[in-house]
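Hi everyone, thanks for coming.

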Amino acid sequence: MDTTTTTQPTVELPRLLPGDFAIWFFIFAELLVFAIAFISYSVMRIQNVEMFNQYQLTLNRELGAANTLLLITASYFVVRAIHAIRIDDVKSCVRWLYLSLGCGSGFLLLKSLEYYEKFSHGINLSTNTFYMFYLSLTMFHFLHVILGMIILLAIAIKAQRGGYTAQDHIGIETGASYWHMVDLVWIILFPLVYIIR
Amino acid sequence: MNKLYNIHTLWLGMLLLTLTTYAIGKLGYSGVVVVSFLLITAAAKAVFIIRDFMELRGVSLLWRVMMYGWLLIVVAGIAITYLLSL
């Protein structure tokens with residue numbers, strides 16, 4: 001009888017992507033679109049450096065920076081919500097999600113003030129190339145913030161109704177991944193459009 | 001949880017980096033060194049978001065290459081076009 005024992009080598013498998021697998025294709029497609037927009041802005045700037053530098057100074061950097069702080073904080077709150085649901089703390093999870101929505105609302109409010117300031121001075125998409133990029137890039141992102149907030153609100157309501165547990169919270173991870181993508185895009189957009197000159 | 005490297009310290013770190021970016025803009029600094037610093041700062045924040053907030057640390061190599069590759073192409077594209085504009 002063979003008494004020797006053989007130990008199987010353990011193979012460490014990669015972790016699964018958080019949330020629904022399909023959302024990652026959507027996120028990556030969105031990131032590609034924004035990448036093309038960022039590179040287009042940068043290429044157009046080569047031909048219009050003076051114009052881009054001149055009109056960049058008319059942007060409200062304070063609001064841009066405040067919006068960056070709001071989005072980073074909103075992402076942090078979403079991470080806290082996921083950590084809370086993983087220990088079945090539904091109440092904290094819901095609270096963090098609503099706090100995140102509060103930050104998102106703050107972003108929309110400040111951005112709307114910025115647009116109001118520009119539109120009241122007669123600035124629009126056809127004013128010049130810089131404003132065309134500034135308005136189209138930030139408005140496209142603005143729409144993503146709105147979509148992200150709708151997703152977070154739906155998740156918060158479902159969580160409030162007891163729809164998620166420590167064992168089953170894939171929906172929260174899916175929504176959180178999308179929201180982080182919105183944050184990720186703004187982290188590049190802010191220095192590119194408001195600061196770099 | 002690591003005392004120095006966790007989501008709380010990363011959040012505070014990203015807020016500080018954002019304020020630094022704002023201060024550079026407010027003071028009107030520009031040039032290759034400044035823009036390099038701004039891009040490295042933005043890339044660092046983006047890595048924190050991808051790795052620690054999106055929790056892509058340890059997922060399949062393909063997805064990490066796709067996400068960090070996206071970041072690299074965007075940052076390199078901005079840097080190269082900036083140099084061409086000088």
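A word on ground rules. This is a predicted model, so local features need pLDDT of at least 70 and side-chain atom pairs count only at pLDDT 80 or more, while totals for chains, interfaces and linings use all residues. Residues are numbered from 1 along each chain as its sequence is written, chains are lettered from A and ligands numbered from 1 in the order in which they are written, and side-chain values use heavy atoms, with hydrogens and water left out.

Okay, chain B. It has three helices and zero strands, where helices are DSSP runs of H or I with at least four residues, strands are E runs of at least two, and both are numbered from the N terminus. Along the sequence that reads α-α-α. The C-alpha trace spans about 40 × 30 × 15 Å along its principal axes. Of the 86 residues in chain B, 48% are buried; buried is under 20% relative accessible area, exposed is over 50%, and partly exposed is in between, using a 1.4 Å probe and protein chains only.

Let me pick out one residue. Ala79(B) sits in helix α3 of chain B. Is Ala79(B) buried or partly exposed? Partly exposed, because its relative accessibility is 26%.

Now for the interface. How many residues of chain B are in contact with chain A? There are 44, touching 46 residues of chain A, with contact meaning heavy atoms within 4.5 Å. The area buried between the chains is about 4100 Å², and carbon and sulfur atoms give 78% of that. Buried area here is the accessible area, with a 1.4 Å probe, that two parts lose on being put together, summed over both.

The rule also finds two salt bridges across this interface, each a side-chain nitrogen of Lys or Arg within 4 Å of a carboxyl oxygen of Asp or Glu. Glu62(A) pairs with Lys26(B) in a salt bridge, with the closest N and O atoms 3.0 Å apart.

On chain B's side, the elements giving two or more residues are α1 (7-27), α2 (32-53) and α3 (61-85). The largest share, 14 residues, comes from α3(B).
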